[in-house]
Amino acid sequence: MLPTSGSESAVSPDAVAAQLLPTTEPPVATVRVPRALRSIVTAAGPWMPLALILAIGLALRLFGFNWDDGQHLHPDERQITFVVTKLDFPWPPDGALLLDPQASPLNPHFFSYGSLPLYLLAFVGASASRLGWLINILIGHGPISTLATWQQASAYGQINLIGRVLSALFDTGTVALLFILGRRLYGRAGGLIAAAGYAVTALAVQQAHFYVVDPILTFLVVLTVAVSYRAAERGSLGLSASLGLIYGAAVATKFSAVPLALVVLLAHLATFDPSTKKLRWLKPERWSTALPGLVVASVVSAITFVIVD
């Protein structure tokens with residue numbers, strides 16, 4: 001009951017309103033999120049910053065990739081395109097013909113750079129041409145909308161565009177590798193900073209708009225450093241073989257990667273303690289334990305270089 005009279009029983013308007021108004025708020029409608037979707041969002045949450053960085057990096061590298069409107073204005077890319085269009089992958093393969101240094105259709109007769117980028121572009125272009133009918137059915141003319149047809153992907157006027165997409169993909173791979181390496185050395189924040197910094201680096205974005213050897217070489221160099229770090233942390237013959245394969249591919253991309261052998265050597269003659277972030281050299285009496293790994297890395301790198309270069 002509300003008081004109606006008497007000075008002692010008088011109440012303020014606020015007190016009256018508090019008694020008359022409901023004390024509980026009406027229920028708010030809620031949206032039930034399926035458990036499977038919640039699980040996906042929870043699992044993907046920590047990776048969202050990296051996914052955003054990679055998406056931005058790839059978008060910057062693919063934006064306007066036909067910047068010269070098919071005019072082949074970059075001189076190094078133009079020379080590579082000339083050479084690649086003369087290469088051929090005969091099917092079925094003729095071993096005697098392929099091993100003939102003069103008559104082989106795989107001899108580029110051009111050695112200013114390594115042969116790996118040439119073979120890579122020729123192989124991807126030839127594959128796109130031979131599977132062009134299927135690609136056109138599945139995805140039309142995309143993502144390279146300037147291609148008249150995928151059957152002409154290996155032609156001089158088109159294959160440079162495929163090369164630019166490859167450059168963009170390799171350079172975006174470098175962004176991911178920098179995150180992995182930075183996270184191992186300086187934590188998650190360090191990895192994200194390294195990846196974000198390279199993703200928007202002007203020179204890297206510019207070079208990824210051409211099919212030149214630099215984006216591929218950068219990817220292989222960073223990959224060599226990352227695997228070397230892993231090998232120094234806990235070496236194995238498998239890691240040594242991987243190092244040899246990657247190093248051989250780097251040298252087959254551009255001969256200036258030869259000094260990278262010092263990194264491979266360091267990975268076998270030193271150990272890395274991730275807790276203290278310190279590198280310790282093996283004592284001379286323990287160098288013999290590193291010999292099998294060095295032999296494996298050397299043999300695999302030599303074989304890789306001979307095959308792809």
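1. Strand pairing. Two strands pair if DSSP finds at least two bridges between them. Helices (H or I, at least four residues) and strands (E, at least two) are DSSP runs, numbered from the N terminus. Strand 1 and strand 2 form a hairpin with four residues between them. In the turn, lysine 277 has a positive phi of about 60°.

2. Basis. This is a predicted model, in which local features need pLDDT of at least 70, side-chain atom pairs count only at pLDDT 80 or more, and totals for chains, interfaces and linings use all residues. Residues are numbered from 1 along each chain as its sequence is written, and side-chain values use heavy atoms, with hydrogens and water left out.

3. Overall make-up. The protein has 13 helices and two strands. Of its 309 residues, 36% count as buried. Buried means under 20% relative accessible area, exposed means over 50%, and partly exposed lies in between (1.4 Å probe, protein chains only). Take the contacts (heavy atoms within 4.5 Å) with a separation of 6 or more: residues 24 or more positions apart account for 65% of them.

4. Strand 1 covers residues 270–273, and strand 2 covers residues 278–281. The two run in the antiparallel sense and pair over four bridges. Aspartate 273 has lysine 278 of strand 2 as its bridge partner. Strand 1 has two faces: Ala270 and Phe272 are on the covered one, Thr271 and Asp273 on the uncovered one. In a regular strand the side chains alternate between the two faces of the sheet.

5. Main core. The largest nonpolar core holds 46 residues. Such a core is a set of buried Ala, Val, Leu, Ile, Met, Phe, Trp, Tyr and Cys residues joined through side-chain atoms within 4.5 Å. Val84, Leu118, Leu121 and Leu220 touch the most other members. Two or more residues each come from helix 3 (48–62), helix 4 (75–84), helix 6 (116–130), helix 8 (156–199), helix 10 (213–233), helix 11 (237–253) and helix 12 (261–269). Helix 8 gives the largest share, 11 residues. In soluble globular proteins, nonpolar side chains tend to be buried together.

6. Leucine 220 and the second core. Leave out residues up to four places away in sequence, and leucine 220 touches Leu116, Ile246, Ala249, Ala250 and Thr253. A second, separate core has five residues, including Ala226, Tyr229, Ala232 and Phe272.

7. Helix 4. Its buried residues are Glu77, Ile80, Thr81, Val83 and Val84. These residues lie on the same side of helix 4 because they cover an arc of only 165° around the axis. The arc is taken from the directions from the helix axis to the C-beta atoms. The buried residues of helix 4 pack against helix 6 and helix 8.

8. Valine 165. This residue lies in helix 8. Valine 165 counts as buried because its relative accessibility is 18%. Leucine 58 is 107 residues away along the chain, yet the two C-alpha atoms are separated by 9.7 Å.

9. Aromatic pairs. The whole structure has five. Rings of Phe, Tyr and Trp (its six-membered ring) pair if their centres lie within 6.5 Å; planes under 30 degrees apart count as stacked, over 60 as edge-to-face and the rest as tilted. Tryptophan 67 and phenylalanine 210 are edge-to-face, at 5.5 Å centre to centre with 75° between the planes. The pair links distant parts of the chain, 143 residues apart. Tryptophan 67 is in the loop between helix 3 and helix 4, and phenylalanine 210 is in the loop between helix 9 (202–207) and helix 10. Tryptophan 67 is partly exposed at 36% relative accessibility, whereas phenylalanine 210 is buried at 10%.

10. Another pair, and a charge. Phenylalanine 110 and tyrosine 113 are also edge-to-face, at 6.2 Å centre to centre and 65° between the planes. Phenylalanine 110 is buried, with a relative accessible area of 13%. Arginine 188 lies over the face of tryptophan 47, at 5.7 Å from the ring centre. The test is that NZ of Lys or CZ of Arg is within 6 Å of the ring centre and within 35 degrees of the ring normal.

11. Neither is a glycine: phi is positive and near 55° in aspartate 69, and positive at about 55° in histidine 72. Buried or exposed? Aspartate 69 counts as exposed at 59% relative accessibility. Histidine 72 counts as buried at 4%.
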